[in-house]
Amino acid sequence: MNMNFTYPALTVLAAAALALSGCAPSAPASAPSATDAAASPAAAADGLAVSQPWVKAAASGMTGAFGVIKNTTGADITVTGASTPAARMAELHETVAGTSGGMQMRAKEGGFVIPAGGELKLEPGANHVMLMGLTGPVKAGDEITLTLELAGGGTFSFTALAKDFRGANENYVEGGAGMTGHQPSSGSTASPSPSANK
Amino acid sequence: MTGRTTRSAEPPQSGAAGKASRQLPRRGLLFGGAAAGLGALAAAGTQLAAAGQTTAPAAGTAEAVHGGGLVAFHGERQAGIDTPAQAHAAFVALDLRPGTSREGVKALLRLLSDDAANLCAGRPALADTEGELALVPARLTVTFGFGPGLVAAVDPARAPEWLKPLPAFKIDRLTPDFSDGDLLLQICADDPVTVAHAQRMLLKDSRSFATVRWVQGGFRRSYGSEKPGTTMRNLFGQVDGTSNPAPGSTDVERVVWGRGGHPAWVDNGTSVVIRRIAMNLDKWDEVDRAGREESVGRRLSNGAPLTGSHEHDDPDFAALSPHGFPVISDVSHLRRSRPDDPSQRIFRRAYNYDAAPGAGGVSDSGLIFVSFQADVARQFTPIQQRLAEADMLNLWTTPVGSAVFAVPPGCREGGFIGEQLFA
């Protein structure tokens, strides 16, 4: 699905953000054992547990959701989609090397497979849930409900704290055409048209 | 009591790496860091020995790593009050942005409490872009204090009567640069990098709601330089804080938490007064040792009262010199600060500061005076009033900043500091 919905990262800023996160691809998320993060909002259901969930605050337009999703079962679990009342649309995004040499954000075909006993790290500049068409401002301190859709029809919901965050500023070219800002302060209200996402 | 625990209060000795790694989830990293340090020390020792040096620390004795020390953030009371003072501190006062709503304050306190809980546990905060810096908690504590503006924005009826600027004292030369504020964050740890990172993280999460009013950085002796519990010295060289109630004592229960004394504004809450006291070291240079000791009424060598020989000896204010003068001057700091009313007591937790000198000067040094007490008006203000009227130390010291904050209780996991105000 969403194969025609790719986003070549195009700015130096985006490259810098990726490089920075590349220095420490997993330290903040993996430094604490996720299950020890008792002080953080957490939820567990269907064999999944989330730790350190958060959303980048944004005035309008798009933003990203992050955290660590752990599969506590002995079988792989596939996350096929996401939704939230805070946005008209939510997508699973991955970051891959593009044909032009840069990095590209694109919808993750087939969703994210979380291996048995493994975890999925959602981080700025890497895999994340992208919220598009925010239904209102996401303000620092807000608690945003996110629902992951799982292969087989199950869902997994949790709340994520909205944080004032200046990173995760990747810009995208939508389908190689018009640009939309991922950066919330840009004030962009553009969101992918449903037709682009069939 | 509060049930708060301090883990690893003592520096791990040999086997430090193993002990430290148990305190934190981040086993591999701490162990790896300590092991690397050991290797470096051992290598250094080898080189120095080869060069005939004899002062190199033995590799087996100098490797203690104590950055893993944890002070629990959660509890009935906030940490950082009767916690044995860490070596480094940042005092940050914030002003709420105009129009910040009650809900905005709540969101701010929730965000900052979440950050503090993670950081104090040695974990990166949520969205912590420098998360590696959080892995050395070094007994980090973050203590919140509420100024009049914050309480007014949430529930004005809850404001204690004393939550306002102190009365003006004639010795004061206050500047707004170090006075007042809506929200205090007292950040203390035994490592200055830990303090800087925590300050940065907390301020990042504050900027949607508040602006920085002032920041004061303070320090004491480094962790491990002295035996724990040693009374601090200020930059005049004086032993400073001898008569402080001992942490964990019934005196602290009364003085700080109002148990059996003047009641606190809220159960398990207290108050903090922060005054920046400029100390004129250049003028102090002109005073000989006898004059310095007379000004305070204590010996410089060990802090003993001039009528005693040990630091904690009771002063004898009736003792007279052969010439018939009081041994401890009636205008000494010791005499003037000692109340006749035993309920006028405070718990001090001061830090030194040493700022860049102004043009033409060589020092801008002093004391960040910090005192906790259940009731500012009944416990603190009378003492300050007496000292303002007469205290030889006033010749060399000038209060240049002053702030009063109400200290709310602690919170449980999942809660946030100040939640009682929203109940």
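This is a predicted model: local features need pLDDT of at least 70, side-chain atom pairs count only at pLDDT 80 or more; totals for chains, interfaces and linings use all residues.
**Entry 1: chain B overall**

I began with the secondary structure of chain B, which comes to ten helices and eleven strands. I then looked up burial: of the 423 residues in chain B, 47% are buried. I also checked the contacts between residues at least 6 apart in sequence, and in chain B 75% of these join residues at least 24 apart.

**Entry 2: strand β10 of chain B**

I asked which strands pair with β10(B). In β10(B), the residue opposite R348(B) is S371(B).

I next checked how far β10(B) is covered. The strand spans residues 364–373, and nine of its ten residues are buried. I noted as background that side chains in a regular strand alternate between the two faces of the sheet.

**Entry 3: helix α5 of chain B**

I tested the length of helix α5 (residues 192–204) of chain B against expectation. Its 13 residues should span 18 Å at 1.5 Å a residue, and the end C-alpha atoms are 18 Å apart, so the two values agree.

I then listed the buried residues of α5(B): T194(B), V195(B), H197(B), A198(B), M201(B), L202(B) and K204(B). What covers these residues? I found that the cover includes the strands β3 (88–96), β4 (141–146) and β5 (183–189) and the helix α3 (102–120), of chain B.

**Entry 4: L306 of chain B**

I looked for L306(B) and found it in the loop between α8 (289–296) and α9 (333–337) of chain B. Is L306(B) buried or exposed? It counts as buried, because it has 21 C-beta neighbours inside 10 Å and the cut-off is 20 or more.

I recorded its contacts, leaving aside neighbours within four places in sequence: E293(B), G297(B), R298(B), R299(B), V327(B) and I328(B). I also took the separation of L306(B) from G261(B), which lies 45 residues away along the chain; their C-alpha atoms are 30 Å apart.

**Entry 5: the largest nonpolar core**

I examined the largest nonpolar core, which has 135 residues. Those touching the most other members are V129(A), L131(A), C120(B), I187(B) and I368(B). The largest share of this core, ten residues, comes from α3(B).

I followed V129(A) further. Beyond four places in sequence, it is in contact with G64(A), A65(A), A82(A), A90(A), L92(A), L122(A) and L146(A).

**Entry 6: chain A and confidence**

I counted two helices and 14 strands in chain A. Of its 198 residues, 46% are buried. Of the contacts in chain A with a separation of 6 or more, 69% are between residues 24 or more positions apart.

I finished with confidence. Chain A averages a pLDDT of 72, and 62% of the residues score at least 70. Where does pLDDT stay under 50 in chain A? I found two such stretches: residues 1–42, with 104 contacts beyond four places in sequence, and residues 173–198, with 53.

Note on methods:
Residues are numbered from 1 along each chain as its sequence is written. Chains are lettered from A and ligands numbered from 1 in the order in which they are written. A residue is buried if 20 or more other C-beta atoms lie within 10 Å of its own, exposed if 12 or fewer, and partly exposed in between; C-beta atoms are placed from the backbone. Helices (H or I, at least four residues) and strands (E, at least two) are DSSP runs, numbered from the N terminus. Two strands pair if DSSP finds at least two bridges between them. Two residues are in contact if their C-beta atoms, placed from the backbone, lie within 7 Å. The expected span of a helix is 1.5 Å times one less than its number of residues. A nonpolar core is a set of buried Ala, Val, Leu, Ile, Met, Phe, Trp, Tyr and Cys residues joined through C-beta atoms within 7 Å. pLDDT is the predictor's confidence in each residue, from 0 to 100.
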